[in-house]
Amino acid sequence: MPQTVRGVIARSKGAPVELTDIVIPDPGPGEVVVAIAACGVCHTDLTYREGGINDEFPFLLGHEAAGTVESVGEGVDSVQPGDYVVLNWRAVCGQCRACKRGRPQYCFSTFNATQKMTLTDGTELTPALGIGAFADKTLVHAGQCTKVDPAADPAVAGLLGCGVMAGLGAAVNTGAVSRGDSVAVIGCGGVGDAAIAGARLAGANKIIAVDRDAKKLEWATELGATHTVNATETEVVEAVQALTGGFGADVVIDAVGRPETWKQAFYARDLAGTVVLVGVPTPDMRLEMPLLDFFSRGGALKSSWYGDCLPERDFPVLVDLYLQGRLPLDKFVTERIGLDDVEKAFHTMHAGEVLRSVVVW
Ligand SMILES: NC(=O)c1ccc[n+]([C@@H]2O[C@H](COP(=O)([O-])OP(=O)(O)OC[C@H]3O[C@@H](n4cnc5c(N)ncnc54)[C@H](O)[C@@H]3O)[C@@H](O)[C@H]2O)c1
Ligand SMILES: [Zn+2]
Ligand SMILES: [Zn+2]
């Protein structure tokens, strides 16, 4: 029987979000219904509401979540009712040209649930990143559920479902940061700070945090930054060079995603170094630079989708590292809020007052 539960939707561009009744169908083949225990508020949810992703309103927001499997559809054997899972938005297909070439982290045909969740009047909802977890329950593809140690607090574990994994993976997977590297991270929100935590985990010996906000730089230091640069006070490229013997960092991660921050990342990098773009630009943004600089400075210019993660490989390990006290994931949870506080949390996020607000049940 389809069930009616509460969910937070964005009905139209820019309008405040609403808590309303939504209908969850029974799971069909390959699908799973998950009872949500916690879901972080990510910048991307706000981007959906602003119409910055696409126009497929109404959206069911929320996508950084952990919960318990309630029921599974036909043919699902990877999870069963009662399993504690973190949801992911890149369920690898195993069949596309990227998967077949042994690069599943780039999978070009990731899975989502086939059936639609709806409003009570039948209007189909578009779940944010194929998840939609600002809801008591949600419908996803079985591949979007990764089992992790149930000892982990869902408010913490759920963050691996998006921003924290994206940032951490941008450093460890995409940037391939390794022992002894110097790393600079531009933008120290949840994503940038996770890149900092990842760089520390990987053994970087110099980790330079760059932000415009002094409070963010303080948090970045708690997560592993060895040096900070306040972009409102100092010229960023010069400051990073000065901290790296005049050369620039081996890996520079742009966790803002604007032309000016990407340019800073490009020039704050040592010769043959790596730039990782993990912040998401908007369609109007343009870059104009001398092509010769791309050639003469060498190295790698990369983008990071979801930290090039493989949820089945990465989530359980990162949860274990957290439980062992080796990865301070709990520091990303600034506040715990109710399901009716999402709109307020957007404002708190916009004001830069939190790393993550997390809705808990
Ligand atoms: N690639 C992915 O798979 C992926 C996944 C999740 C989020 N993201 C993106 O990552 C980006 C960051 O997300 P977040 O949740 O950390 O956002 P956030 O708003 O919490 O953090 C952004 C930080 O950048 C700082 N900042 C803004 N402009 C700056 C500038 N010019 N110079 C220096 N610092 C500046 C802000 O002060 C803030 O601390 C967003 O664009 C988000 O959409 C990407
Ligand atoms: Zn694939
Ligand atoms: Zn997100």
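Strand E3 (residues 31-40) is mostly covered, with nine of its ten residues buried. Buried here stands for 20 or more other C-beta atoms within 10 Å of the residue's own, exposed for 12 or fewer, and partly exposed for anything in between, with C-beta atoms placed from the backbone. Strands (E, at least two residues) and helices (H or I, at least four) are DSSP runs numbered from the N terminus. The model is a predicted one, in which local features need pLDDT of at least 70 and side-chain atom pairs count only at pLDDT 80 or more, while totals for chains, interfaces and linings use all residues. Residues are numbered from 1 along each chain as its sequence is written, and chains are lettered from A and ligands numbered from 1 in the order in which they are written.

E3 pairs with several strands, where pairing takes at least two DSSP bridges between the two. With strand E5 (residues 64-72), E3 runs antiparallel over eight bridges. Valine 34 has valine 69 of E5 as its bridge partner, and alanine 35 has threonine 68 of E5.

Next come the open sheets. One of them is built from five strands in the order E7-E2-E1-E4-E8, with mixed pairing. E7 and strand E8 (126-127) sit at its edges with a single partner strand each, so one side of each has no neighbour in the sheet. Strand E1 (residues 3-10) and E2 pair antiparallel over seven bridges, and arginine 6 stands opposite aspartate 21 in E2. Strand E2 (residues 18-24) also pairs with E7, antiparallel over two bridges, which puts isoleucine 22 opposite leucine 119 in E7.

Another open sheet has six strands in the order E13-E12-E11-E14-E15-E16, and its pairing is parallel. Its edges are strand E13 (227-230) and strand E16 (300-303), each with a single partner strand, so one side of each is left without a neighbour in the sheet. On average, neighbouring strands of this sheet are turned by 15° against each other, direction ignored; the axes are lines fitted to C-alpha atoms (for helices over the stretch in contact), and angles between N-to-C directions run from 0 to 180 degrees. Strand E12 (residues 206-211) and E13 pair in the parallel sense over four bridges, with alanine 209 opposite threonine 228 in E13.

On the level of domains, the assignment gives domain 1 (3-161 + 328-360) and domain 2 (168-304), with bounds that come from an automatic or database domain assignment. The centres of domain 1 and domain 2, taken over C-alpha atoms, are 29 Å apart. Seven residues from domain 1 and ten residues from domain 2 take part in the contact, a contact being two residues whose C-beta atoms, placed from the backbone, lie within 7 Å. On the side of domain 1 that touches domain 2, the residues split into three nonpolar, two polar and two charged. In this scheme Ala, Val, Leu, Ile, Met, Phe, Trp, Tyr, Cys and Pro count as nonpolar, Asp, Glu, Lys and Arg as charged, and the others, Gly among them, as polar.

The largest nonpolar core has 117 residues, and those with the most contacts inside it are Leu61, Val185, Ala195, Ile196 and Ile253. Such a core is a set of buried Ala, Val, Leu, Ile, Met, Phe, Trp, Tyr and Cys residues joined through C-beta atoms within 7 Å. Domain 1 and domain 2 each supply at least three residues to this core. Alanine 195 touches Val185, Ile253, Ala255 and Val278, among others, not counting residues up to four places away in sequence. In soluble globular proteins, nonpolar side chains tend to be buried together.

Arginine 103 lies in the loop between helix H2 (97-100) and strand E7 (118-119) and is partly exposed, because 13 other C-beta atoms lie within 10 Å. Arginine 103 and alanine 300 are 197 residues apart in sequence and 18 Å apart in space, C-alpha to C-alpha. Aspartate 330 is in the loop between helix H10 (311-323) and strand E17 (333-337), and counts as exposed because it has 12 C-beta neighbours inside 10 Å.
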